Amino acid sequence: MVTIINFKERQKEDGTTFFVLELQGGIEMVKSKETGNFYATAKRAFIPSTFDKDVCTSLIGTKMPGGIVKEVCEPFNYVITETGEEITLNHRWVYKSEDELTPAKAPVIHEQNVIANSNVFSKNGILEPAI
């Protein structure tokens, strides 16, 4: 389940603007590699919308089925705003619907117990058609 927590205005190459919805997944506990302590976090992703500002505002708090998953992409540079450090990433966080998150179900194989019946085999060693 994800929640719409905010929205942002973005600009297309042609100068027109549109709004993206900011989605947040549920709380996750992550263990720090440096300290070994746990901290709480949540994955976030942005999806474009066709809504105006008023509709986007009214959608904040809406819960939707699905989740946010890591998706490999072409490497790109990203600046960490708190430190100014520039890093290269090769993944992004994207929203996936509930159907896309659920693995396809394998066909159900019904097993049958087979009991061998030795009475159907010849006892004299001669191959004869069954009567």
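Of the 131 residues that make up the protein chain, 15% count as buried, where buried means under 20% relative accessible area, exposed means over 50%, and partly exposed covers what lies in between (1.4 Å probe, protein chains only). The structure is a predicted model, in which local features need pLDDT of at least 70 and side-chain atom pairs count only at pLDDT 80 or more, while totals for chains, interfaces and linings use all residues. Residues are numbered from 1 along each chain as its sequence is written, and side-chain values use heavy atoms, with hydrogens and water left out.

The protein chain contains 2 helices and 8 strands, and from the N terminus on these elements follow the order β-β-β-β-β-α-β-β-β-α. Helices (H or I, at least four residues) and strands (E, at least two) are DSSP runs, numbered from the N terminus. Contact is taken as heavy atoms within 4.5 Å, and among the contacts in the protein chain between residues at least 6 apart in sequence, 46% join residues that are at least 24 apart. The accessible surface of the protein chain comes to about 11,200 Å², of which 54% belongs to carbon and sulfur atoms; such areas come from the Shrake-Rupley method with a 1.4 Å probe, and for residues only the protein chains shown count as cover.

When its neighbours within four places in sequence are left aside, Cys56 is in contact with Phe7, Phe19, Leu21, Ser49 and Phe51. Cys56 and Lys8 are separated by 48 residues in sequence, and their C-alpha atoms are 9.0 Å apart in space.

By contrast, Phe38, which is found in strand β4 (residues 38–41), is exposed, with a relative accessible area of 55%. Together with Ile27 and Met29, Phe38 forms a nonpolar patch on the surface, and these residues have about 380 Å² of accessible area together. Patches are made of residues with over 30% relative accessible area and no salt bridge, with like charges joined within 9 Å and nonpolar side chains (Val, Leu, Ile, Met, Phe, Trp, Tyr) joined within 5 Å.

Side chains of opposite charge can pair when their charged atoms come close. A salt bridge is defined here as a side-chain nitrogen of Lys or Arg within 4 Å of a carboxyl oxygen of Asp or Glu, and a search of the whole structure finds 4 of them. In one of these, the side chains of Glu22 and Arg44 meet at 2.4 Å, N to O. This pair links distant parts of the chain, with Glu22 in strand β2 (residues 17–24) and Arg44 in strand β5, 22 residues apart. Glu22 is buried, having a relative accessible area of 3%, whereas Arg44 is partly exposed at 46% relative accessibility.

A salt bridge is also formed by Glu28 with Lys43, for which the closest N and O atoms are 3.6 Å apart. Here too distant parts of the chain are linked, as Glu28 belongs to strand β3 and Lys43 to the loop between β4 and β5, 15 residues apart. Both partners count as partly exposed, Glu28 at 29% relative accessibility and Lys43 at 26%.

The side chains of Arg92 and Glu71 likewise meet in a salt bridge (2.7 Å, N to O). Arg92 lies in strand β8 and Glu71 in strand β7, so the pair ties together parts that are 21 residues apart in sequence. Arg92 is partly exposed, with a relative accessible area of 43%, and Glu71 is partly exposed as well, with a value of 24%. Through salt bridges that share partners, Glu71, Arg92 and Lys96 are joined into one network.

The largest pocket holds about 780 Å³ of space and is lined by 21 residues, of which Arg44, Ala45, His91, Arg92 and Trp93 lie nearest its centre. On a 1 Å grid over the protein atoms alone, a pocket is an open set of points where a 1.4 Å probe fits, with protein on both sides within 12 Å along at least five of seven lines, and lining residues have an atom within 4 Å of a point. At least two residues of the lining are supplied by each of β3 (28–31), β4, β5 (44–48), β7 (67–79) and β8 (86–96), and β8 gives the most, with 6 residues. His91, found in strand β8, counts as buried at 18% relative accessibility. Apart from its neighbours within four places in sequence, His91 is in contact with Lys70, Glu71, Val72, Cys73 and Phe76.

Technical notes: Grid points are joined across faces, edges and corners, and a volume is the space filled by probe spheres set on the points.
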